[in-house]
Amino acid sequence: MKKLDCIATIEISSHQIQVAREFALKVIETVDYADSNQSNKDKIAEDHFISKIGEEAVKTCYENLGFAVSAIDYTIYNGKDKSWESDIFINNYPLAVKTQKVSSAIKYGLSWTFQSSEFRNDPILQNPDAWVCFVECDDSHNFSCRVFPPIQIKLLHLYFI
């Protein structure tokens, strides 16, 4: 996969924001994060919303580069039917997307989280050759995003210690 070689700033359309917001409000009724001590539905919805905005940013970025990009999956899955499939496919190649909002980065530093617990684990962590794309979403300014060049899981330790 020819990869993005610099940070790209992507503007998010009002339609993308609306679809992501509608998804987030619907999906909160199908999730249970009690095992992670997270019961705040507003926080859960916001996390899902920001995740979808990040996926939209990566999709737009790669389409602008001329790549074939899969549609964003806005299917509402119930319980054990939830998918751990890659977030997006670029020329049929799987790519995970991890997004953090700027307001959180200001408080805690710019960082991204993978699910790794005894209850839920992100399978990408078991695939060192998998690719992930990190996104910073400006939640104070129309949700514009900075899309970072993708990196393979096996190389993360070289950059993030």
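Modeller: Buried means under 20% relative accessible area, exposed over 50% and partly exposed in between (1.4 Å probe, protein chains only). By that rule, W112 and F134 are both buried. The model is predicted, so local features need pLDDT of at least 70 and side-chain atom pairs pLDDT 80 or more, while totals for chains, interfaces and linings use all residues. Residues are numbered from 1 along each chain as its sequence is written, and side-chain values use heavy atoms, without hydrogens and water.

Biologist: How many aromatic pairs does the structure hold?

Modeller: A pair of aromatic rings is described by the distance of the centres and the angle of the planes. Rings of Phe, Tyr and Trp (its six-membered ring) pair if their centres lie within 6.5 Å; planes under 30 degrees apart are stacked, over 60 edge-to-face, the rest tilted. The structure has 5 such pairs. In one of them, the ring centres of Y62 and F67 are 5.4 Å apart and the planes at 75°, so this pair is edge-to-face. Y62 and F67 are both buried.

Biologist: Which parts does the pair of W112 and F134 tie together?

Modeller: W112 and F134 form a tilted pair, 4.7 Å between centres and 35° between planes. W112 lies in the loop between α3 (102–108) and β4, and F134 in strand β4, so the pair ties together parts 22 residues apart in sequence. Helices (H or I, at least four residues) and strands (E, at least two) are DSSP runs, numbered from the N terminus. Ring pairs also link W112 and F134 with F148 in a cluster.

Biologist: Is E55 buried or exposed?

Modeller: E55, in helix α2, counts as buried because its relative accessibility is 5%.
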